[in-house]
Amino acid sequence: MFRIDAHHHLWDLTARPHDWLDGPEVAPIRRDFGPADLRAVTTPAGVDATVLVQVLPDLPETAEFLALADDSDLVAGVVGWVDLTAPDVAEQLDRLRSGPGGDRLVGVRHLVQSEPDPEWLVRPDVLAGLRAVRDAGLVYDLLTRPRQLPAAVAAVRAVPDLVFVLDHLSKPDIAGRSWEPWASGVAALAAEPNVVAKVSGLVTEAGPQWTVAELWPYFDAALEAFGPRRLMFGSDWPVCLLAASYGEVVGAAEQLTACLGEAERGEVFAGTAARVYGLGER
């Protein structure tokens, strides 16, 4: 089965500050992760292509990721960052696309999870930025927590011709066995036809002692809401290393999707990502 890892990161701590890596709880991943490290974990897992996702709200980082993808036969697409609140979103995107690897830009993401305003996604300037992303023919990755899902639903409805990709199933509190308001919020998002979701980041939300049984109710709810043609696998490597190895994350996804037929599993592991991010030719 052809496999796409639709969500991973890379970072070089010497290139720019990564303040989010300062805490003791993230010490195991406080080091550089580059293309060689990615290749070392994807090859044994049978992953054929990947989508590299922004880490920092930083245009130069996105430009560097695009250049890296341009020089890689593994990284097929980049979800980058632009300032959605600025009046020149279209120009920012044009500059990124005109640089090395510009054709690898497939989407945009902002760290909404860190915004103190739960209504950030429906600010007029942000909605204008989202429309510029739509006009550029890109998708938008939603990085939210459950409390931000109502605003996410409103934004999705406000820009119905933009495809939204929900990262990490909106980070449910699996370790705390919390169900609401996550379940209702995800179901409301899934009711909108322009939303798909990533089965990613779940082991981190469950914690180091996670089991597939603990992940199952959250995956099952997402599967019922979205269906396999609107779900895609992502490792969230190297963040996942806080709870599991790359191989263990892939193994968990294999177990979670064992209930599906071969064609449906093919959608989760490759088809949805290839279609949504336009990776087919690569």
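Predicted model: local features only at pLDDT ≥ 70, side-chain atom pairs only at ≥ 80, totals over all residues.
View 1. Pro-238 belongs to the loop between β8 and α9 (246-256). Asp-236 has its place in the loop between β8 and α9 too, and its phi is near 55°, a positive value in a residue other than glycine. With a relative accessible area of 5%, Asp-236 is buried.

**View 2. Phe-233 and Phe-269, a tilted aromatic pair.** The ring centres of Phe-233 and Phe-269 are 5.5 Å apart, and their planes make an angle of 40°. Because Phe-233 lies in strand β8 (residues 231-233) and Phe-269 in helix α10 (residues 262-276), the pair ties together parts that are 36 residues apart in sequence. Are these two residues buried or exposed? Both Phe-233 and Phe-269 are buried. Look for Arg-3 as well: its charged end sits over the ring of Phe-269, 4.9 Å from the ring centre.

**View 3. Trp-179 meets Tyr-218.** A search of the whole structure finds nine aromatic pairs. One of them is formed by Trp-179 and Tyr-218, which are tilted at 55° between the planes, with 5.3 Å from centre to centre. Trp-179 is in the loop between β6 (164-166) and α6 (182-190) and Tyr-218 is in helix α8 (residues 212-226), so this pair ties together parts 39 residues apart in sequence. Trp-179 counts as partly exposed at 36% relative accessibility, whereas Tyr-218 is buried at 4%.

**View 4. The loop between β6 and α6.** Two backbone features are worth a visit here. Glu-180 and Pro-181 are joined by a cis peptide bond with omega about 10°, and Pro-181 is placed in this loop between β6 and α6. His-168 is found in the loop between β6 and α6 as well. Phi of His-168 is near 55°, a positive value for a residue that is not glycine. His-168 is buried, its relative accessible area being 4%.

**View 5. Gln-148 and its contacts.** Gln-148 lies in the loop between β5 (139-142) and α5 (149-158). Its relative accessibility is 1%, so Gln-148 counts as buried. The Gln-148 side chain reaches the backbone oxygen of Val-112 at 2.7 Å. Apart from neighbours within four places in sequence, Gln-148 is in contact with Val-112, Gln-113, Glu-115, Pro-118 and Leu-143.

Technical notes
Residues numbered from 1 in each chain as written. Heavy atoms only, no water. Helix = DSSP H or I, 4+ residues; strand = E, 2+ residues; numbered from the N terminus. Buried < 20%, exposed > 50% of the residue type's maximum accessible area, 1.4 Å probe, protein only. Polar contact = N/O pair within 3.5 Å; in protein donor to acceptor, adjacent residues only side chain to side chain. Contact = heavy atoms within 4.5 Å. Phe/Tyr/Trp six-rings, centres within 6.5 Å; stacked < 30°, edge-to-face > 60°. Lys NZ or Arg CZ within 6 Å of the ring centre and 35° of its normal.
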